[in-house]
Amino acid sequence: MNRLVTGAVALGALGAVSAQAADLNYAPRGYTLNQPLNAYSWAGPYLGGTLGYAWGEVGNNPTKPSGITGGIEAGYNWQTGPWVFGVEGDINLTGANDTFAPWKFSNPWFGTLRGRAGYAFSNILFYGTGGLAFGELRGETFGLSESHSTVGWTLGAGTEFGLAQNWTAKIEYLYVDLDSSNFVVTGAKNDYRFGVVRAGINFHF
């Protein structure tokens with residue numbers, strides 16, 4: 001009888017522990033401080049892709065290149081309580097271009113390397129971001145083509161949503177300012193400043 005009672009108590013305790021474990025919606029990952037065990041964790045590395053639309057203007061030229069943009073991104077987050085900090089880099093191909101009179105300007109690609117800081121309400125993260133930008137500006141006129149790759153800066157903001165333990169989706173806006181270069185085809189210094197709105201999806205490891 002004693003063995004029967006002991007077995008029943010052990011089974012009951014095991015069932016209680018299992019029930020508590022089942023109530024944990026998310027498991028912490030990566031580097032997290034002061035994070036409840038049942039809270040959504042933003043910490044750790046991630047990899048994903050983006051798709052959006054860019055529009056802007058070329059300095060000292062009337063062209064205003066715009067078009068679809070898409071690329072890949074990777075980053076890492078640290079989290080302490082609701083505060084999330086991280087770094088993120090991306091590289092993108094774009095169809096942004098415009099023609100005015102004899103000139104055509106296009107932005108074949110661009111990339112960024114940024115810091116991120118935000119505040120999370122469980123699986124919803126609001127963040128600001130900023131850092132280094134780089135990319136190519138191509139000018140064409142009368143059959144002549146000239147390209148310059150330059151660096152600059154970017155600032156933006158966005159919202160990211162936790163869809164599941166390892167998947168998130170985001171929407172963000174970036175303003176990018178690429179530095180000017182001397183273009184022989186225009187006889188002037190031309191730069192490219194543009195905004196981009198894009199959506200993305202990330203897998204968190």
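Colleague: How many salt bridges does the structure hold?
Modeller: The structure, which is a predicted model, holds 12 salt bridges.

Colleague: Let's take lysine 170, then. Which side chain meets lysine 170 in a salt bridge?
Modeller: The side chain of lysine 170 meets that of glutamate 88, with a distance of 3.1 Å from N to O. Lysine 170 lies in strand 8 and glutamate 88 in strand 4, which covers residues 83-100, so this pair ties together parts that are 82 residues apart in sequence.

Colleague: And are lysine 170 and glutamate 88 buried or exposed?
Modeller: Both lysine 170 and glutamate 88 are buried.

Colleague: What about aspartate 90, which residue forms a salt bridge with it?
Modeller: Aspartate 90 pairs with arginine 114, and the closest N and O atoms of the two are 3.0 Å apart. Since aspartate 90 belongs to strand 4 and arginine 114 to strand 5, the pair ties together parts that are 24 residues apart in sequence.

Colleague: Why does arginine 114 count as buried?
Modeller: Arginine 114 counts as buried because its relative accessibility is 3%, and the cut-off for buried is under 20%.

Colleague: Where does glutamate 172 come in, and which arginine does it form a salt bridge with?
Modeller: Glutamate 172 forms a salt bridge with arginine 198, where the closest N and O atoms are 2.8 Å apart. Glutamate 172 is in strand 8 and arginine 198 in strand 9, so here the parts tied together are 26 residues apart in sequence. Glutamate 172 counts as buried at 3% relative accessibility, and arginine 198 is buried with a relative accessible area of 2%.

Colleague: Which residues do salt bridges that share partners join into one network?
Modeller: The network is made of Glu73, Glu88, Asp90, Arg114, Arg116, Glu160, Lys170, Glu172 and Arg198.

Colleague: Changing topic to the nonpolar side, which residues touch the most other members of the largest nonpolar core?
Modeller: In that core of 15 residues, the ones touching the most other members are Leu137, Val176, Leu178, Tyr192 and Phe194. At least two core residues come from each of strand 2 (44-58), strand 5 (103-121), strand 6 (124-141), strand 8 (167-183) and strand 9 (188-204). The largest share, four residues, is supplied by strand 8.

Colleague: Can we zoom in on one member? What does leucine 178 touch?
Modeller: Leaving out residues up to four places away in sequence, leucine 178 touches several residues, including Ala133, Phe134, Tyr192 and Phe194. There is also a second, separate core of six residues, and among its members are Tyr40, Trp42, Val84 and Tyr127.

Colleague: Now the backbone. What is the phi of asparagine 60?
Modeller: The phi of asparagine 60 is near 60°, a positive value in a residue other than glycine. Most residues other than glycine have a negative phi. Asparagine 60 sits in the loop between strand 2 and strand 3 (66-80), and it is exposed, with a relative accessible area of 62%. Phenylalanine 142 also has a positive phi, of about 50°, and it is found in the loop between strand 6 and strand 7 (144-162).

Colleague: Last one, what is the mean pLDDT of the chain?
Modeller: The mean pLDDT is 87, and 81% of the residues reach 70 or more. Over residues 1-27, however, the pLDDT is below 50.

Methods:
Residues are numbered from 1 along each chain as its sequence is written. This is a predicted model: local features need pLDDT of at least 70, side-chain atom pairs count only at pLDDT 80 or more; totals for chains, interfaces and linings use all residues. Side-chain values use heavy atoms; hydrogens and water are left out. A nonpolar core is a set of buried Ala, Val, Leu, Ile, Met, Phe, Trp, Tyr and Cys residues joined through side-chain atoms within 4.5 Å. Buried means under 20% relative accessible area, exposed over 50%, partly exposed in between (1.4 Å probe, protein chains only). Contact means heavy atoms within 4.5 Å. pLDDT is the predictor's confidence in each residue, from 0 to 100. A salt bridge is a side-chain nitrogen of Lys or Arg within 4 Å of a carboxyl oxygen of Asp or Glu.
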